[in-house]
Amino acid sequence: MKKQKIILDVDPGVDDSIAMIYGFLCDELDIKLVSVVGGNVDANQCTLNALFITQTFERYQIPVVKGSVKPLKKRMVHDLNVHGKKGLGNLIEVTDTQKKTINRRGYGVCEAMRDTILENKNQITIVCLGPSTNLAKTLEKYPNVKNYIKKVVLMGGSLDGTGSITKYAGFNVYSDPDACDMIVKSGLKIIFSPKELGLNTFITQPILEKWSALNFTGDMVKKLYTGYHDLLLPTDKFATHDLCALMSLVRPQYYTSKQVDVSVNTDIGRKRGQTLFNENPSSNITLLCSVDRKKVLREFERKLKNAK
């Protein structure tokens with residue numbers, strides 16, 4: 001089986017961490033780099049959280065690089081009401097890790113992304129599960145790498161143009177609409193996974209209790225979700241936004257999709273960050289429209305059962 005090579009670009013975040021765990025358990029994926037962007041919490045804490053998840057699941061060979069601390073143009077916003085004070089719910093707070101980033105003077109996220117792409121030409125899929133600032137900055141600084149990216153997965157946007165952090169925008173795009181707009185206009189092959197997929201593929205407390213009894217990994221999933229609250233769901237249901245985005249690479253048969261053109265509102269105003277999709281069969285951009293909830297949760301449970 002040929003593994004799909006990916007860069008996992010994250011802002012952990014509970015659902016980012018769940019997606020990371022799934023990615024680590026996937027024989028179908030070869031994670032070449034974990035890049036971190038400020039988002040759900042500040043970049044320093046997001047980086048600690050990413051290191052913690054990577055270290056906890058003994059993926060020491062996967063490099064982690066700290067990336068952008070703020071958006072291309074606007075001020076930073078965080079999602080503390082959703083993910084807990086430190087980003088990993090209410091039971092886990094990371095203050096230090098043995099595993100460290102690969103950052104050094106003159107070598108940051110843009111260089112790490114560039115090198116990973118050029119070392120694996122036309123093979124890397126970049127999965128952006130947070131604000132897409134890191135990829136936008138890399139394309140801006142090293143425009144030639146665009147020619148060697150296989151495709152991009154973006155978790156963001158909505159099917160109906162409504163939002164979560166505002167009436168019109170979801171968190172990821174609202175946090176850096178200019179970065180998202182740059183990527184949309186890049187001509188790259190893109191897959192959009194909108195908020196509806198993660199909301200509809202919710203996890204319940206009984207499911208978490210079942211998973212917790214399986215093993216250490218299942219119990220970690222339950223702990224991460226303790227204190228996580230997507231404001232668009234009741235408190236007894238837990239969204240799987242980033243898991244749905246990543247799983248679309250591994251189990252595309254679970255999803256329906258269509259080709260679309262995308263417009264991203266970058267204006268300073270109430271609709272900033274809104275994404276609108278218009279069907280265009282010849283577009284390079286794919287919009288995931290629905291996903292089979294039972295199959296997603298069954299797939300994730302299978303991976304958990306095979307974990308430690």
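Valine 221 touches Ile18, Ile21, Leu208, Trp211, Phe300 and Leu304, leaving aside residues up to four places away in sequence; a contact here means heavy atoms within 4.5 Å. This is a predicted model, so local features need pLDDT of at least 70 and side-chain atom pairs count only at pLDDT 80 or more, while totals for chains, interfaces and linings use all residues. Numbering starts from 1 along each chain as its sequence is written, and side-chain values use heavy atoms, with hydrogens and water left out.

Val221 also turns up in the largest nonpolar core, which has 65 residues; Val221, Leu8, Val34, Tyr225, Leu246 and Tyr255 touch the most other members. A core is a set of buried Ala, Val, Leu, Ile, Met, Phe, Trp, Tyr and Cys residues joined through side-chain atoms within 4.5 Å, and buried means under 20% relative accessible area (1.4 Å probe, protein chains only). Helix H1 (residues 14-25) gives this core its largest share, eight residues. A second, separate core has 31 residues, including Val65 and Ile126.

Now for the sheet. Nine strands make an open, mixed sheet in the order S3-S2-S1-S4-S5-S6-S11-S9-S10. Strands are DSSP runs of E, at least two residues, and helices are runs of H or I, at least four, numbered from the N terminus; two strands pair if DSSP finds at least two bridges between them. S3 and S10 sit at the edges with a single partner strand each, so one side of each has no neighbour in the sheet.

| Edge strand | Residues |
|---|---|
| S3 | residues 64-66 |
| S10 | residues 275-279 |

S1 (residues 4-10) and S4 (residues 124-128) pair in the parallel sense over five bridges, with isoleucine 7 opposite isoleucine 126 in S4.

Definitions and conventions: Buried < 20%, exposed > 50% of the residue type's maximum accessible area, 1.4 Å probe, protein only.
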